[in-house]
Amino acid sequence: MNDAGGVVKAWRIRRGISQAQLAKLAGTGQAAISRIESGRDLPTLVLLSRIAAALDCRLTVDFTSDPDGAPRPGARV
């Protein structure tokens, strides 16, 4: 499970709603929510924003570096 998927699942459970209910609120399908939560799919920022709104929470983006402080390969600075 990727970080985004774990966070989505935790918030969904905290809110007490099903994947199908979250999908409807976020304007996507239940299968998409399942793939996100299981880490099989990485959602776009647009979809994450809609999911956050559906869960009544705030979406934040945090850039971090590798433990040695170097940007990851391919990262643009």
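Me: What is Q19 in contact with, leaving aside its neighbours within four places in sequence?
Reply: Q19 is in contact with R12, Q30, I33, S34 and E37, where contact means heavy atoms within 4.5 Å. The model is a predicted one, in which local features need pLDDT of at least 70 and side-chain atom pairs count only at pLDDT 80 or more, whereas totals for chains, interfaces and linings use all residues. Residues are numbered from 1 along each chain as its sequence is written, and side-chain values use heavy atoms, with hydrogens and water left out.

Me: Why does Q19 count as buried?
Reply: Buried means under 20% relative accessible area, exposed over 50% and partly exposed in between, with a 1.4 Å probe and protein chains only. Q19 has a relative accessibility of 18%, and therefore counts as buried.

Me: Why is R50 called partly exposed, and why is D56 called exposed?
Reply: R50 has 37% relative accessibility, so it counts as partly exposed. D56 has a relative accessible area of 63% and is therefore exposed. R50 lies in helix α4, whereas D56 belongs to the segment after α4. Helices here are DSSP runs (H or I, at least four residues), numbered from the N terminus. D56 also has a positive phi of about 55°, although it is not a glycine.

Me: What puts the buried residues of α2 on the same side?
Reply: The buried residues of α2, which spans residues 19-26, are Q19, L22, A23 and A26. They cover an arc of only 100° around the axis, and so lie on the same side of α2; the arc is that of the directions from the helix axis to the C-beta atoms. On the other side of α2, K24 and L25 are exposed. An α-helix has 3.6 residues a turn, so residues three or four places apart point the same way. Among what covers the buried residues of α2 are α1 (3-15), α3 (30-38) and α4 (45-54).

Me: Which residues of α3 are buried, and what puts them on the same side?
Reply: In α3 the buried residues are A32, I33, I36 and E37. Their arc around the axis is only 130°, which puts them on the same side of α3. They pack against α1, α2 and α4.

Me: Why are α2 and α3 called roughly perpendicular?
Reply: Their packing angle is about 110°, with the axes 8 Å apart. Axes are lines fitted to C-alpha atoms, for helices over the stretch in contact, and angles run from 0 to 180 degrees between N-to-C directions. Angles under 35 degrees count as roughly parallel, over 145 as roughly antiparallel, 65 to 115 as roughly perpendicular and the rest as oblique. The two helices α2 and α3 are therefore roughly perpendicular to each other. Where they meet, Q19, A20, L22 and A23 in α2 face Q30, I33, S34 and E37 in α3.

Me: What makes up the largest nonpolar core?
Reply: Eleven residues make up this core: V8, I17, L22, A23, A26, I33, I36, L47, L48, I51 and L55. A nonpolar core is a set of buried Ala, Val, Leu, Ile, Met, Phe, Trp, Tyr and Cys residues joined through side-chain atoms within 4.5 Å. Two or more core residues come from each of α2, α3 and α4.
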